[in-house]
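Biologist: Please take a close look at one part of this model and walk me through it carefully, giving the cut-offs behind each term as you go.

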Amino acid sequence: MSTPLPFGPDYGFGLYVHWPYCSKICPYCDFNVYTAKGRDSRSLVEAISRDLARHAEALPDHPQLGSVYFGGGTPSLLGAGDIALLIELAERSFGLAPDVEITLEANPNDVLAADLEAWSAAGVNRLSVGLQSLDDAALAFLGRDHDAANARLAADAALTTFDNVTLDLIYARPGQSAESWKAELTDALSLGAPHLSLYELTIEERTAFGKRAARGELIPMEDDDQADLYELTQEVAEAHGLPAYEVSNHARSSGTQSQHNLTYWRGGDWIGLGPGAHGRLTVDGQRVATHAALKPAEYIASVDTGLSPEPLSSLDTARELLALGLRPAEGFDLSRIEALIDARTDPETLATLKTNGLISETGTNVALTAEGRLLADRIAAELSP
């Protein structure tokens, strides 16, 4: 009997589709995105379809897909017919598990303008609505094209059609007080969504915010103040029945946790389609990475050339599994890392982290404590081989 691999489709198998077009580019966004105006959507949909077919040819042995995730960019700009087409192709190519989770990221204005029943009929059963804030001044600062009233209307509309809805919000904005964030978060929780993704504002160098910060026109919140808001976020969300099951994600129950993201965190396999999409696959027992061309035109031109996966070393795989695996509250089994690198995790480092109240241990499983989540990246680096 062969030894089970410490990564691969046994830990989840998903499909990520990156739609790179947006009505406008937000000043904080560091994703691979482009303005939608004047773009040829049809050629990109056809290219993603061909890319899906070549992945099916390259992966003859696979389980059914447990999740499909349309991200971006703004995939809610896609027509319901195109969404249905890609889901149908995924089902024909790989099969869909009976309880498959199919997520569509959507902007509030698109939610209000779209036929949500058509999205549901296409196969979408989970909607991720990018509210980002429920404060008009904050939405203007963040460069959003909706206001707080439409954010609430969009959340209500989404919850009327879909049982599984997640709302995204951005906090730790410059000058934001604990009192105002607590009120805004409480307001968001009152909308009734079973899942919230709550992200601290990150100023990336190449974004419009990054350029403003470099000129001294925007001062990011101090780290200690961000940490205070993070702890407040955990307390308020848990008190309202949405405890954190991952560093930035909160769910009412295990049934409303993001199964697609759990595939990432648990070390499963996923196919990445669309400009700039990344994938992680297991081919003949080897962990490999795929990287799609960034620009839409280059991606469209590249999809007929065949896959060129990059083999990952055992050390790189171990480090990636650990960095991602520590994020969910369920923790990570360190024996999977030790099997990859044939070495034990440093017991002194584990003991120190445990003494400092940053991790808990159950056998070979290590999980971050509430205090440890504040230092997730640092702890992963300390435990990394």
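Modeller: Searching the whole structure for disulfides (pairs of cysteine sulfur atoms within 2.5 Å) gives zero. The model is a predicted one, in which local features need pLDDT of at least 70 and side-chain atom pairs count only at pLDDT 80 or more, while totals for chains, interfaces and linings use all residues. Residues are numbered from 1 along each chain as its sequence is written, and side-chain values use heavy atoms, without hydrogens or water.

Cys 22 is buried, with 8% relative accessible area, and Cys 26 is buried at 11%, where buried means under 20%, exposed over 50% and partly exposed in between, with a 1.4 Å probe and protein chains only.

Further along, helices α1 (residues 41-58) and α2 (residues 80-94) pack at about 10° with axes 10 Å apart, and are therefore roughly parallel. Helices here are DSSP runs of H or I, at least four residues, numbered from the N terminus; axes are lines fitted to C-alpha atoms over the stretch in contact, with angles from 0 to 180 degrees between N-to-C directions, and under 35 degrees counts as roughly parallel. With contact meaning heavy atoms within 4.5 Å, residues including Val 45, Ile 48 and Leu 52 of α1 meet a set in α2 that includes Leu 85, Leu 86 and Leu 89.

Methods: Helices (H or I, at least four residues) and strands (E, at least two) are DSSP runs, numbered from the N terminus. Angles under 35 degrees count as roughly parallel, over 145 as roughly antiparallel, 65 to 115 as roughly perpendicular and the rest as oblique.
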